[in-house]
Every structure is written in C-alpha cells, then in structure tokens.
Amino acid sequence: MQLSVFAALGARTGQWDIDTYVQSIARFADAGFTRVWSAQLPWDADLFTAQAVALREVPAVELGSAVLPIQVAHPMLTAQRALTLNAIAGGRFKLGLGVNHPGISTQLWGIPWDKPVRRMSEYLDGLLPLLAGQKADAVGELVTTRGELDIAGAPAPEVYLAAMGPQMLRLAGRRCAGTITWMTGPKTLANHIGPTLRDAAAEAGRPEAVRVAAGIPLCVTDDVAGARARAAEQFRLYGTLPSYRAMLDREGYASPEDAVVIGDEGTVSDRIEELRSAGVDELIASPFGDDEESIARSVALLKAVAGV
C-alpha cells in the first residue's frame, strides 16, 4: 500500500498566500513523501494555479487534485489546465474529479445536480480524448465537448473519480485509474468500494488498471477524547451529506468522528493495517490537530509506516 499525504490549500486564518502552500508541499517532500493531494473547495484559491507553482518549485514530488468539481469547469478547460500542469511537472500530476454535493451545485452555482453519473460519463467522453491528444466530438444530454488541443509534450495524467455509489464506482472501474474516497471505513472499502470498482474494471478487460485511494483524517495523540471532540466539530458537515451519511451508515459509524483515525502510535498503526487489509492501494493520510506535537507525531508515524 502506497502512503501519501493531504495538504490543505486554504488557510484557516483567512490570510492565504502561495508561499505557505508551497512550503507545506516542500515539508512533506523533505520528509520523504512522494505524493501529495489537495482539494479544490468552492471558497479557496484556485488549486491548479497553486499546484503549478508547487510543481515548479518542489522537484520530484507528485501532486494530485482530490478533487476538482466538474460542474464549474468544462472538459476542454479541465483538459487544458491538467495538460499544462503535467507539462510543467514532467508527468507528476494526477487528476481527481468529482460532482460535489447537491446543495453546493444548486445553491452556490445554480447548476442542477440531477443525473450525476450521466454528467460524469459525458464529461469523460469529452475529457479523456483531449487528455490523450485526440479530438473530442462528444454531444451529450448534459455535457457537450468538441475540439482539440495543441499542448505538445504534455503526458496525459491519470484520472481518478470521487466515487462511493455503485454506479459511479462502476464508471470509474470501466474508464479511469481508480477512485478516491474520503472518510470511508475499512468494512465499506473491503466489501463495497474495492469489489465494485474492480469487478467493473475486470468486465471492461482492464483488471489491473484500477486503484483504490482512500483519504482518511488521522491524529496521533494521547488525548483521544479531546481529538474526537475536535474531529466532531471539524467534520460534522459530513454527517449531513447524503453520500457520506450512506457510507457512515454502511460502516456502522454513528458520527463522522468515528471515521477519523485517532489514538496513540499503536492504535493508529493498527487502524492503518486495517485499511491495508481492506484492499486500499493508496492511503491518503490527512494529519489534523490543534497542536504541533500531535501533528508532528502523526507525520512521524506515517513516515515510519511508509518506510521513508
């Protein structure tokens, strides 16, 4: 199992600057981690612009988007940006896509959220040929893409989908490099996410082509109660979102903080091993906490587990 890390793009203080983001990437790279993922949240700075700077400034490390919402970016624009990033990076960029949540799509953007699997499928109809250096000619019910790009020397990035439901997982298995999950427990990963994804890949004749990348918040601490209280506050939104609520219920978790890996070094190591045994190909660990000591212990344990 590959062990990667998550770096937040935004700034909790509200005073965002590019240097802070690049420095966080550089610290992870200096610690020995070879891949760092970040999310594009609706209220944050532009992820791709920030990652372009980081890829230029920090050699060797791979960066990925986990994930870019597709509703506000046409496939042509996403292909342009992704190929430009990969040209800058020399192939060190991974593209994670998702449909975001109904409330954000309809209330913030005024874009209907209905038929998310069809929207993603039609999005890929236009995007994947463009990434492969081919002409797109895809007329869909929800997304239409026509045209071609001229970005010489830009390798196509691997494409991952944020997929938890069976239809989106099957789409990822048939057409993409895999899925990226967030706060999904080991039973669900072992019995639902992995089998659905891999069965679809096998049916499409590509059984070895897909990977499960599982994002998990993680905190090494002796103050378990305090960390759980912070996790309950920080991640409470996920208990209200239907797709995440379904995964929590499937796992038997009462609240989002139950999905967070919290404990001392031994406890956290055991939880990581559970995820490995669940068939996770890449663990994307997101160290969290309010004090530097806890975050430092989390990073140190991750380094030890990863052997870096």
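User: Is Ile88 buried, partly exposed or exposed, which of these classes does it fall in?
Analyst: This is a predicted model. Buried means under 20% relative accessible area, and exposed means over 50%. Ile88 has 34% relative accessibility, so it counts as partly exposed.

User: Which residues does Ile88 touch, leaving out those up to four places away in sequence?
Analyst: Ile88 has its place in helix α3, residues 75–89. The C-alpha atom of Ile88 is 9.2 Å from that of Val53, and 35 residues separate the two along the chain. Beyond four places in sequence, Ile88 touches Ala52 and Arg56.

User: What is the relative accessible area of Ala87?
Analyst: Ala87 is also found in helix α3. Ala87 is partly exposed, with a relative accessible area of 36%.

User: Which residues does Ala87 touch, not counting those up to four places away in sequence?
Analyst: Ala87 and Ala156 are 69 residues apart in sequence, yet their C-alpha atoms are 9.2 Å apart in space. Setting aside residues up to four places away, Ala87 touches Gly153 and Ala154.

User: How many residues of strand β8 are buried?
Analyst: Strand β8 runs over residues 178–182. On one side, Gly178, Ile180 and Trp182 are buried.

User: How far does helix α10 reach from its first C-alpha to its last?
Analyst: Helix α10 spans residues 265–277, which is 13 residues. At 1.5 Å a residue, 18 Å is expected. The reach of α10 is close to that, at 18 Å.

User: Within what arc do the buried residues of α10 fall?
Analyst: Val268, Ile272 and Leu275 are buried in α10. Seen down the axis, the buried residues line one face of the helix, because they fall within an arc of 55°.

User: Why can residues three or four places apart point the same way in an α-helix?
Analyst: Count the residues in a turn. Residues three or four places apart point the same way because an α-helix has 3.6 residues a turn.

User: Which exposed residues sit on the face of α10 turned away from its buried side?
Analyst: The buried side of α10 has cover that includes α7, β9, β10, β11 and α11. Now take the face turned away from that side. The exposed residues there are Asp270 and Ser277.

User: Which residue just after α10 takes a positive phi?
Analyst: Look just past the end of α10. The phi there is positive, about 90°, and the residue is Gly279.

User: What is the radius of gyration of the protein?
Analyst: The protein has 11 helices and 11 strands. For 308 residues, the globule rule gives 19 Å. The protein is close to that, so it is as compact as a globular protein of that length, with a radius of gyration of 19 Å.

User: What share of the residues count as buried?
Analyst: The C-alpha atoms fill a box of roughly 55 × 40 × 40 Å along the principal axes. Of the 308 residues, the share that count as buried is 50%.

Note on methods: Residues numbered from 1 in each chain as written. Predicted model: local features only at pLDDT ≥ 70, side-chain atom pairs only at ≥ 80, totals over all residues. Heavy atoms only, no water. Helix = DSSP H or I, 4+ residues; strand = E, 2+ residues; numbered from the N terminus. Expected span 1.5 Å × (residues − 1). Buried < 20%, exposed > 50% of the residue type's maximum accessible area, 1.4 Å probe, protein only. Arc of directions from axis to C-beta. Contact = heavy atoms within 4.5 Å. Rg over C-alpha atoms; globule rule 2.2 N^0.38 Å.
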